[in-house]
Every structure is written in C-alpha cells, then in structure tokens.
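Good morning, and thank you for the time.

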There are 2 protein chains.
Amino acid sequence: MAILAVGSIAFDTIETLTGRADEALGGSAIYFSCAASLFGDVRLVGVVGGDFPQERLDLFKARPVDISGLEIREGKTFRWHGRYHEDMNSRDTIDVQLNVFGEFQPKIPPAFRETEYVFLANCHPALQMSVLDQVKKPKFVMADTMNLWIDTTPDDLRRLLGRIDGLLINDDEARMLTGAPNLVVAGKRILEMGPRLVVIKKGEHGSLLFANGKCAPLPAYPVERVIDPTGAGDSFAGGLMGYIAENDDWSMETLKRGAAYGTVLASFTCEKFGVDSVSVLDRPALENRLAAYREMITVW
Amino acid sequence: MAILAVGSIAFDTIETLTGRADEALGGSAIYFSCAASLFGDVRLVGVVGGDFPQERLDLFKARPVDISGLEIREGKTFRWHGRYHEDMNSRDTIDVQLNVFGEFQPKIPPAFRETEYVFLANCHPALQMSVLDQVKKPKFVMADTMNLWIDTTPDDLRRLLGRIDGLLINDDEARMLTGAPNLVVAGKRILEMGPRLVVIKKGEHGSLLFANGKCAPLPAYPVERVIDPTGAGDSFAGGLMGYIAENDDWSMETLKRGAAYGTVLASFTCEKFGVDSVSVLDRPALENRLAAYREMITVW
C-alpha cells in the first residue's frame with residue numbers, strides 16, 4: 001500500500017568532530033521517503049524554494065517516490081546547521097532558516113487524497129491536522145513531533161493525538177509531554193492520549209514500542225562508526241511505516257518487525273553523512289543487515 | 001555447578017528523591033549471592049567487622065549460600081552512602097568508609113578451592129588475582145571492575161584481564177579502559193585484552209554482550225517504578241553467572257540467555273531498596289518475569 005509522506009525538505013550543514021557536510025539534501029520527508037520507498041510507493045508532499053535544483057531529487061529516480069506533490073515557492077529552501085558533540089547522541093543547532101518551510105501550508109494533490117497510510121513528519125500540529133482534513137479515509141496515520149510543539153502548542157498537539165494511530169517521539173520529549181520521568185510510564189500515558197502505537201526513540205540506546213497496553217524494548221543495531229546521526233529517526237519511521245503499509249497490518253508482530261526494519265535503517269543512516277547511505281541502499285542489503293540484527297537479538 | 005563469589009559486604013545508606021534506606025545490607029557479594037543462589041550453590045567469601053550482626057545474613061538461610069568463608073575482623077563493617085539523581089541512572093557518593101574492607105585479603109577456605117566457577121566482584125585487581133592464585137582449576141572466571149582501578153592500577157588490571165573469562169564493566173568505564181568513545185569498538189577492544197566474554201552495562205538502557213567476535217545488544221526489562229538501582233549490576237552478574245554455572249556451558253546461546261536472566265534480576269533489584277526484592281525472590285517468580293521479557297524481546 002502507498003504511503004503519503006508530508007514533511008520538511010532542507011539543505012543541512014552538519015558538523016561532527018571528524019567531518020562536515022555542507023548543504024546536504026535533508027529534511028524529515030526526504031529521509032522518510034528514502035527508507036519507506038524500499039517497501040513500496042511513497043507520495044511526497046513538501047515545499048522547496050526557487051533555489052532548489054530539481055536534480056537534487058534524482059536520488060528518487062530509482063525509487064517508487066512520486067514527487068508530483070512538491071511545491072516550489074518563491075524564496076529560499078529551508079536550511080539547518082547543526083554540530084554534534086563527541087558522543088554523537090546530542091547536538092547544538094548553530095542556525096535555522098525556515099525560509100519557505102515557515103510558510104508551508106501542505107496542499108495534498110487530488111491524486112494523493114485517497115492514500116490510506118499517512119506519515120506526518122514533525123511540523124506544527126495544526127498543519128499536520130490540515131493534512132488529515134484533506135485525506136479521505138486514512139487507515140493508519142503516524143506522526144512525529146518535537147519539544148517546540150509540546151511547549152508552544154500543547155492543545156493542538158493533544159487534538160492531533162486524538163486523530164492519529166501512531167506517534168514517534170524521543171525520550172526527552174516523551175517526558176516533557178507526560179511529566180513522567182520514567183519512560184515506561186510516559187509511553188503508557190501517551191497511549192491514553194489517543195494513539196494505538198507509541199514509539200519512544202532513544203538514539204544509540206534503541207527504542208521502546210508501546211501498543212496493546214504492552215511495552216516492547218528494541219536495542220539499536222550496534223554501529224561501530226557513527227558518522228552522522230541526522231535523519232536516523234525519520235529513517236526509522238520510514239522503515240516502520242513502510243513495513244506496516246507493505247503488510248497492510250498493524251498487529252503487535254508486524255509493529256515489532258517494522259520497528260526492527262526501522263532500527264536497521266537508522267543504523268545505515270548513521271554510517272554516512274545525510275542520505276548518502278539510505279538513498280543508495282537496496283532491499284537485499286537491508287535484508288542482509290536485518291538478518292544480522294535478527295540473529296543478534298534472538299535469545300530463544 | 002557451585003560458584004565461588006568474592007567481594008564486598010556493606011551497610012548502605014541510600015537516598016533517592018522519594019525515599020531513603022539506612023544501613024541496609026548491601027555490597028557486591030551480597031547482591032551477587034542473592035541472585036546466583038537462585039540457580040545453584042554459592043560459596044561466599046568476604047569480610048565484615050565486629051559490629052556486623054550475623055543474623056543479617058539470615059536472608060541466606062533459605063538459599064544454598066555457604067557463608068563459612070565469611071571473615072570477621074576487628075573493626076567496623078564497610079559503609080557506603082549514596083544519593084541518586086532524579087533520572088535514577090546517576091548518583092553521588094556522599095560518604096565511603098572502607099573500614100575492614102580496606103584491609104581485605106581474601107582467604108579462600110580449603111573446601112572452596114576447587115570451585116570451578118568464580119566471580120570476582122569489584123575490588124583491587126591484585127586482590128582479585130590473589131583469589132585466582134588460591135583456586136585450583138577454575139573453568140570460568142568472571143570479574144567486575146571500576147574506574148578507580150582503570151585509573152590507578154592499570155597494569156594490574158591488564159594482568160587480571162589476561163586471566164579471566166568474562167568481564168563486566170559499565171559504559172563509561174569501557175570507554176575509559178579502551179579510549180574508544182564508541183561502545184561497540186570498546187567492547188571488541190576489551191575482548192582483545194583477554195576475556196572471551198565482555199558485558200558492557202548501560203543501566204536503564206540494557207547491556208551489550210561481546211563474545212566470539214560478535215556483539216549482542218540486550219534491552220533492559222522495562223521497570224515502571226525504579227526505587228533503588230543499587231546492586232542492579234551485581235544482580236545481573238549473579239543471574240548471568242548462575243545460568244552459566246547451572247548449564248556448565250558458555251556457548252553464545254547460553255551467554256545470551258544468562259544475560260537475559262541477569263537483566264530480569266536487575267529489574268527486580270531496582271524495584272525495592274537494597275536486597276529487599278532479590279533476597280525474597282524465588283525461581284518461579286523469576287521464570288514468570290523471564291517469560292514476560294522473552295515475549296517482549298522476541299520479534300521473530
């Protein structure tokens with residue numbers, strides 16, 4: 001089943017202790033689409049400025065990503081500049097220029113409005129809901145969010161939570177949203193806010209999946225050389241959502257296996273700058289690493 | 001198979017944001033013995049002061065723990081006082097009085113010298129080696145260590161690493177010992193220093209097990225109410241070592257399952273102050289939670 005993906009498209013400047021990438025193609029919708037398109041069709045909706053060279057999206061030529069929902073607005077493309085600390089698990093934002101993304105009003109093309117699987121990348125929750133107002137009968141909607149919206153638009157966020165099936169959120173944000181320092185408590189509280197699936201992302205420490213009143217912890221795939229963790233969360237989302245849509249099912253078994261695919265996709269993303277790894281990956285290479293991960297985490 | 005356990009016995013004063021325990025029975029050898037004795041015989045060697053009421057060890061009455069190796073020295077028992085931060089994953093040491101533990105020279109009773117499984121709890125590596133000098137033909141020796149010895153007695157520690165089969169170490173210490181910020185790299189480097197098994201403990205984030213050139217990540221068992229994490233690492237060690245000794249085998253499969261038992265025992269320990277949980281646990285209750293953990297972590 002196809003997935004509608006709505007989110008940011010950006011030029012990222014990324015600094016780490018050992019390297020740097022300048023104006024690399026990034027943004028949540030890009031990472032998500034790279035990952036999810038390994039499972040099936042992705043319909044991308046996002047906005048770029050007049051400065052965006054369309055050939056930057058050539059990376060999707062070999063993938064089933066429909067970019068006809070790309071809006072080109074007068075102005076400059078969203079730019080983000082971040083610098084990672086030595087632990088590669090935390091970073092400082094050096095500069096953000098929202099540019100045309102600051103005026104983004106997602107318009108879902110008529111041809112995309114019957115898509116049953118919808119991913120709402122991190123964005124103002126009112127805009128995320130405006131996407132839901134435009135799609136007809138979504139079967140499974142997953143959203144990401146961030147501390148900014150928890151802090152500044154809590155009512156909109158709570159309304160959004162009542163309209164989605166799955167929420168992806170990182171550990172600090174889960175604590176902030178629920179007031180619970182304990183992540184197991186936090187995950188269960190978010191389930192009570194609406195979603196049937198909650199994934200708390202813990203970076204190098206993996207994730208906690210909550211569904212059907214249960215918690216399933218998944219360790220990260222052990223990566224020896226973390227080059228750039230940017231986009232790992234959105235790649236995880238693409239793997240999880242891609243697998244759910246491919247199977248057209250969200251049983252606990254499918255959710256866990258989808259999270260395992262997401263975990264492995266996140267590990268690939270961390271191994272190169274930007275989308276350099278996840279954009280050239282093919283399904284056999286993904287399955288190979290998944291088999292290795294499966295062997296690692298299989299205890300019985 | 002029986003396990004010889006050598007380590008500290010202490011009175012711990014523990015403060016958390018929500019509670020406090022004064023002079024609770026603690027020490028690495030106590031936590032380890034509580035956990036390991038759920039699997040088979042444990043032979044405890046440690047030192048206490050003249051102030052130690054022997055009835056404090058009555059908790060071992062219902063367990064196969066031989067306390068005939070307990071040395072009572074003139075002076076006071078080891079005391080430790082710690083205060084946990086809100087995250088329950090870090091703590092400040094308020095006070096340490098080594099007392100008789102500062103003069104500890106482990107003397108292994110003749111009846112214990114042929115024990116094939118040996119656990120050397122955290123202690124000066126020269127003392128850990130002095131235990132090995134006294135045992136005849138150990139089959140599998142596991143040791144714990146800490147930042148103090150990495151820093152102050154690196155040569156002794158390196159010699160110890162050449163004489164043991166398994167090392168337990170926490171994440172910061174693994175980085176410190178190897179100079180590798182990445183834990184996967186750190187674990188593999190420690191394998192090259194001698195042990196066939198390395199477990200990097202990550203507190204609430206679980207553990208990384210290294211053996212046979214491979215890395216297996218294990219998530220922690222999700223605990224909703226962490227009351228006191230003191231001794232979780234030694235309980236983990238007791239579960240792992242107990243399972244290895246029970247099976248008289250250290251194949252990758254046994255090591256992973258042993259680490260799963262250790263993970264579950266650590267979770268019990270965190271749920272009450274001191275040994276209040278792990279000392280009253282029985283094997284059926286352990287197996288129950290292990291089954292729940294197994295269900296959680298089974299993806300395929």
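Let me begin with charge. Across the interface of chain B and chain A of this predicted model, the rule finds four salt bridges. In one of them, Lys188(A) pairs with Glu224(B), with the closest N and O atoms 2.5 Å apart. Polar contacts between chain B and chain A amount to 18 residue pairs, both residues being at pLDDT 80 or more.

Which elements of chain B give two or more residues to the side that touches chain A? They are α6 (183-192), β13 (214-218), α8 (252-270) and α9 (283-297). The element that gives the most to this side is α9(B), with five residues. By residue class, the side of chain B that touches chain A divides into 17 nonpolar, three polar and 12 charged.

Next, the extent of the interface. Contact involves 32 residues of chain B and 32 residues of chain A. About 3100 Å² is buried between the two chains, and carbon and sulfur atoms give 59% of that area. On the side of chain B, the residues that lose the most area to chain A are Glu224(B), Val299(B) and Trp300(B), together 25% of what that side buries. Glu224(B) is also the partner of Lys188(A) in the salt bridge I described.

Finally, symmetry. Chain B is superposed on chain A by a rotation of 180° with 0.0 Å of shift along its axis, at an RMSD of 0.0 Å. The two copies are therefore related as by a two-fold rotation axis. Moreover, 100% of the interface residues of chain B are also interface residues in chain A, so the copies meet through the same surface.

Definitions and conventions. Residues are numbered from 1 along each chain as its sequence is written. Chains are lettered from A and ligands numbered from 1 in the order in which they are written. This is a predicted model: local features need pLDDT of at least 70, side-chain atom pairs count only at pLDDT 80 or more; totals for chains, interfaces and linings use all residues. Side-chain values use heavy atoms; hydrogens and water are left out. Contact means heavy atoms within 4.5 Å. Buried area is the accessible area (1.4 Å probe) that two parts lose on being put together, summed over both. A salt bridge is a side-chain nitrogen of Lys or Arg within 4 Å of a carboxyl oxygen of Asp or Glu. A polar contact is a pair of N or O atoms within 3.5 Å; within protein, one must be able to donate a hydrogen and the other to accept it, and residues adjacent in sequence count only if both atoms are side-chain atoms. Helices (H or I, at least four residues) and strands (E, at least two) are DSSP runs, numbered from the N terminus. Ala, Val, Leu, Ile, Met, Phe, Trp, Tyr, Cys and Pro count as nonpolar, Asp, Glu, Lys and Arg as charged, and the others, Gly among them, as polar. Copies are superposed by least squares on the C-alpha atoms of residues with pLDDT of at least 70 in both.
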